[in-house]
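Please look over the sequence and the structure shown here, and keep both in view while you read. The paragraphs that follow lead from the inside of the chain to its surface.

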Amino acid sequence: MPCGDNRNKAKKGRGISMKKAIIKGTGRYVPPRVVTNHELTQWMDTSDEWIRQRTGIEQRYWVPEGDEIGPSDLGLEASRIALKRAGWTPSDIDLIIFATMTPDVYLPGSGCYLQYKLGLDTTPALDIRQQCTGFIYGLTIANAFIRSGFANRILFVGSEVQSTALDISTRGRDISVIFGDGAGAVCLEGVETDEQVGIIESTLNAQGEFASALIMELPSSRLNPRISEEMILEGRHYAFMDGRSVFKHAVKRLGEVAKETMEKAGLSAEEIDLFIPHQANLRINQAFARSINLPEEKVFNNIQRYGNTTAASIPIALDEAIEMNLIGNGSTVLFLALGAGLTWGAVIYKFAD
Ligand code: UT7
């Protein structure tokens, strides 16, 4: 199935200017297999106590072994829920944006797989590779497409299957205890309104200088061969993270970017109802809250139950926060994240009254 010729689709909505990108529906999905901290101790030298103290994580979800489940499959489940809540059918979608750092295959993008699984013919699909900052970049891209008139109804999915690429021996324990699988989906629609609603401000950053602080190197097109047995024995096909360095960058950058984005929007921290940060480590989010004097209850955390689901973490958190009635009509939310790249950013979103 080809990915589609988007020229016809692109005409949809063209000429309509300065619409606001409004969230019409959200959904989340995690695979059924729960993996507790205790379970991890059978494969690596770690403990429930260490993982809870250093990260806040109590459990995470992994796809069942041997079932060939990719992020497009988890994304499909989350999308079905989001589409239903939005009152859309797949054919209403003008564009799919798919954020993942664990694509189903090296190429093509997972957005194309999702497009086909949704039963669509030639609807365009765009993958983005911004890792933990995927939701922030993706929302900003969706907003730009909607405001330009290129697309009016966007299905935006963040989805990861990380468990199949974890080194679950002691060598990989600093990374493997953190990551989980899951998906979140958001239906975004352009709405003509004078009200200050929808995506009202965003800030994006990248600093390639620190690319090696969090990297999965193989297969690598800059190497010839791209992958060899020796490289695999060295574990270069697993993610490497300089955890302490990324931690320090996160605490500094998240505080800075939250302040900058609020300043651009002319909003104070008191005017933000809920901060929804990427769920990388509970201690990072607590340190972020302290760095800008936020009361802890203003910062949403669910890493305890999901682990770090990278591009899926914020849409999963958003969906839960809505379900828990922590946010709803009239609420203002600030999303923020930092991850591999390094990339980091923030988006302020206001729900209509
Ligand atoms: O989401 C994308 C962005 N990622 C992040 O934001 C993650 C940022 N980094 C972190 O969350 C933390 O750095 C980690 C959770 C990855 C690690 O926590 P840490 O407090 O920075 O620990 P550390 O790497 O400094 O290691 C402390 C000790 C070491 O032992 P020694 O050298 O002090 O004897 C590690 O070998 O803890 C050891 N260690 C573990 N022990 C038990 C590392 N991983 C584990 C483990 N279980 N899983």
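Leu83 is found in helix α4, which covers residues 71–86; helices (H or I, at least four residues) and strands (E, at least two) are DSSP runs, numbered from the N terminus. This is a predicted model, in which local features need pLDDT of at least 70 and side-chain atom pairs count only at pLDDT 80 or more, while totals for chains, interfaces and linings use all residues. Residues are numbered from 1 along each chain as its sequence is written, and side-chain values use heavy atoms, with hydrogens and water left out.

Is Leu83 buried or exposed? Leu83 counts as buried because its relative accessibility is 4%, where buried means under 20% relative accessible area, exposed over 50%, and partly exposed in between (1.4 Å probe, protein chains only). Leaving aside residues up to four places away in sequence, Leu83 touches Trp88, Pro90, Ile93, Leu118 and Cys187, a contact being heavy atoms within 4.5 Å.

Helix α5, residues 110–117, also has buried residues, namely Ser110, Gly111, Cys112, Leu114 and Gln115. These buried residues of α5 pack against α4 and against the strands β4 (95–99), β5 (125–128) and β6 (153–160). Just after α5, Gly119 takes a positive phi of about 80 degrees.

Another buried side chain belongs to Ile175, whose relative accessible area is 5%, and whose place is in helix α7 (residues 173–176). Which residues does Ile175 touch, not counting residues up to four places away in sequence? Ile175 touches Leu166, Ala239, Phe240 and Met241. With Ala239, the separation is 64 residues in sequence and 7.6 Å in space, C-alpha to C-alpha.

We now turn to charged side chains. Side chains of opposite charge can pair when their charged atoms come close. A salt bridge is a side-chain nitrogen of Lys or Arg within 4 Å of a carboxyl oxygen of Asp or Glu, and by this rule the count comes to 19 salt bridges. In one of them, the side chains of Arg28 and Glu323 meet at 3.1 Å, N to O. Because Arg28 lies in strand β1 (residues 20–29) and Glu323 in helix α12 (residues 313–323), the pair ties together parts that are 295 residues apart in sequence.

Glu320 forms a salt bridge with Arg305, the closest N and O atoms being 2.8 Å apart. This pair links distant parts of the chain, with Glu320 in helix α12 and Arg305 in helix α11 (residues 303–306), 15 residues apart. Glu320 counts as buried at 4% relative accessibility, whereas Arg305 is partly exposed at 35%. Salt bridges that share partners join Arg28, Arg85, Arg305, Asp319, Glu320 and Glu323 into one network.

On the surface, Arg54, Arg244, Lys248 and Arg283 gather in a patch of positive charge. Patches are made of residues with over 30% relative accessible area and no salt bridge, with like charges joined within 9 Å and nonpolar side chains (Val, Leu, Ile, Met, Phe, Trp, Tyr) within 5 Å. Lys248, in helix α9 (residues 243–265), is exposed, with a relative accessible area of 62%. A patch of negative charge gathers Glu192, Asp194, Glu195 and Asp353.

Definitions and conventions: Areas by Shrake-Rupley, 256 points an atom, 1.4 Å probe, with all protein chains shown as cover. Lys, Arg positive; Asp, Glu negative; His and termini not counted. Charge placed at Lys NZ, Arg CZ, Asp CG, Glu CD.
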